[in-house]
Amino acid sequence: MPGRKRRRPGTKPPTPEEKHEQARRDHERLLARGRRRVEAATEALWSPMPYWGADTTALDHHRALPVVATTLPLLRTRSADAPIWRRFGRTGWHTLNHALDNPDGDQLLAAQRAAADQARREQQAAEHEARRPACTRCAAKFTDERWEEKKRTVWDDGLCGSCRQADAEQRERREAEEAAERRRVTDGPGHRRTWWHRS
């Protein structure tokens, strides 16, 4: 008989349940093909615009017309508040509220802006650290307090706080040694003190 599918020799004829399941799959495939055609033909209405900004791929769904689709068999077997709605431009099945809502573009935009702000802060911190001066003696980086002090003064020795402290201690030791030497020379045996050395 023309137009009728031939079965391979030796195969069993399908049962009524198998025929019903095959018809259901064919129907769903035809519906999906029709939905894709309508979706492609109406893309100018529902497609969202990209948000403005560098490194932003989020889409602004607020200026797009939400187009949702479902089938009567799905509405009959399940209720209207079940996830039986397909929004054009999105994948998967949604409840009607979620299909009409626009959280994805807004959430992605917020996440991308936060990531861009974090990257900018990290870059500024890295540039700030690259400008931080180092000690001319030991090459240690200045602390924030020492750096601020360097910015406030016109002339600076270029030493870090530790090297400055070591210099101050060495200077104090040298002055103490010189004072002790002067006392030893002036107060030594056989040295007469004149009236101007007496105190």
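Modeller: Gladly! Let us start with D60, which is found in strand β2; strands (E, at least two residues) and helices (H or I, at least four) are DSSP runs, numbered from the N terminus. Please keep in mind that this is a predicted model, where local features need pLDDT of at least 70 and side-chain atom pairs count only at pLDDT 80 or more, while totals for chains, interfaces and linings use all residues. Residues are numbered from 1 along each chain as its sequence is written, and side-chain values use heavy atoms, with hydrogens and water left out.

Colleague: What makes D60 count as buried?

Modeller: Buried means under 20% relative accessible area, exposed over 50%, and partly exposed in between (1.4 Å probe, protein chains only). D60 has 6% relative accessibility, so D60 counts as buried. Leaving out residues up to four places away in sequence, D60 touches P48, M49 and Y51, where contact means heavy atoms within 4.5 Å.

Colleague: Which residues of α5 are buried, and what do they pack against?

Modeller: G105, L109 and Q112 are buried in α5, and the buried residues of this helix pack against β2 (59-60).

Colleague: How do you know that the span of helix α5 agrees with its number of residues?

Modeller: The expected span of a helix is 1.5 Å times one less than its number of residues. For the 29 residues of α5 (residues 103-131) that gives 42 Å, and the end C-alpha atoms are 42 Å apart, so the two agree.

Colleague: Why is the pair of W46 and F88 called edge-to-face?

Modeller: Rings of Phe, Tyr and Trp (its six-membered ring) pair if their centres lie within 6.5 Å; planes under 30 degrees apart count as stacked, over 60 as edge-to-face and the rest as tilted. By this rule the count is one aromatic pair. The ring centres of W46 and F88 are 6.3 Å apart and the planes are at 75°, so the pair is edge-to-face. The pair links distant parts of the chain, 42 residues apart: W46 is in helix α2 (residues 43-46) and F88 in the loop between β4 and α4 (96-100). W46 counts as buried at 9% relative accessibility, and F88 at 6%.

Colleague: What makes up the largest nonpolar core?

Modeller: A nonpolar core is a set of buried Ala, Val, Leu, Ile, Met, Phe, Trp, Tyr and Cys residues joined through side-chain atoms within 4.5 Å. The largest has six residues: C135, F142, W147, L159, C160 and C163. C135 is buried at 5% relative accessibility, and C160 at 6%.

Colleague: Is A139 buried or exposed?

Modeller: A139 has a relative accessible area of 56%, so A139 is exposed. A139 lies in the loop between α5 and α6 (144-152), and has a positive phi of about 65° although it is not a glycine.
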